[in-house]
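Reader: I would like to learn how to read a sheet, a turn and a core. Please take me through one case.

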Amino acid sequence: MVGVLGRTGERIRPVPVMRRALDKGVRQHVPHVVASRDITIWEMDVTNPVGIDDPCPPSLAWLMLRRNGRVQSLRVVFPVAAR
């Protein structure tokens, strides 16, 4: 994963990040999925427990790019508030 979870240019493995969030009580719920042969997008609503120190944004999207049926690239996209 690349982005707000690490320093610029740093790559982060998703499983430890997801485990820490789950251990804190953060939950994701799938309201929409869009998929084709090579791309899948999971839109997620996020529920944070009350009083969490560093809550996740209320929504995010998982973007998976596949080649030959296998995920080659996985990105988590956090929305930016409109100005």
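**Reading the model**

Author: Start with Asn 68, which lies in the loop between strand 3 and strand 4. Strands here are DSSP runs of E, at least two residues long, numbered from the N terminus. This is a predicted model, where local features need pLDDT of at least 70 and side-chain atom pairs 80 or more, while totals for chains, interfaces and linings use all residues. Residues are numbered from 1 along each chain as its sequence is written, and side-chain values use heavy atoms, without hydrogens or water.

Reader: What phi does Asn 68 have?

Author: The general idea: most residues other than glycine have a negative phi. Asn 68 is not a glycine, yet its phi is positive, about 55°. It sits in the hairpin of strand 3 and strand 4, with two residues between the strands.

Reader: Is Asn 68 buried or exposed?

Author: Buried means under 20% relative accessible area, exposed over 50%, and partly exposed in between, with a 1.4 Å probe and protein chains only. Asn 68 has 77%, so it is exposed.

Reader: What is the order of the strands in the sheet?

Author: Strands of a sheet pair through backbone hydrogen bonds, either parallel or antiparallel. Here four strands form an open sheet in the order 1-2-3-4, with antiparallel pairing. Strand 1 (27-35) and strand 4 (70-77) are the edges; each has a single partner strand, so one side of each lacks a neighbour in the sheet. Two strands count as paired if DSSP finds at least two bridges between them.

Reader: How many bridges join strand 2 to strand 3?

Author: Seven, and the two strands run antiparallel. Ile 41 stands opposite Leu 63 in strand 3. Strand 3 and strand 4 are also joined by seven bridges, with Ala 61 opposite Val 77 in strand 4.

Reader: Which residues make up the largest nonpolar core?

Author: In soluble globular proteins, nonpolar side chains tend to be buried together. A nonpolar core is a set of buried Ala, Val, Leu, Ile, Met, Phe, Trp, Tyr and Cys residues joined through side-chain atoms within 4.5 Å. The largest one has nine residues: Ala 21, Val 26, Met 44, Val 46, Ile 52, Leu 60, Trp 62, Met 64 and Val 76. Strand 3 gives the most, three residues.

Reader: Where is Thr 40, and which side chain does it join by a polar contact?

Author: Thr 40 is in strand 2. At 9% relative accessibility, Thr 40 is buried. Its side chain joins that of Arg 66 by a polar contact of 2.2 Å. Such a contact is a pair of N or O atoms within 3.5 Å; within protein, one must be able to donate a hydrogen and the other to accept it, and residues adjacent in sequence count only if both atoms are side-chain atoms.
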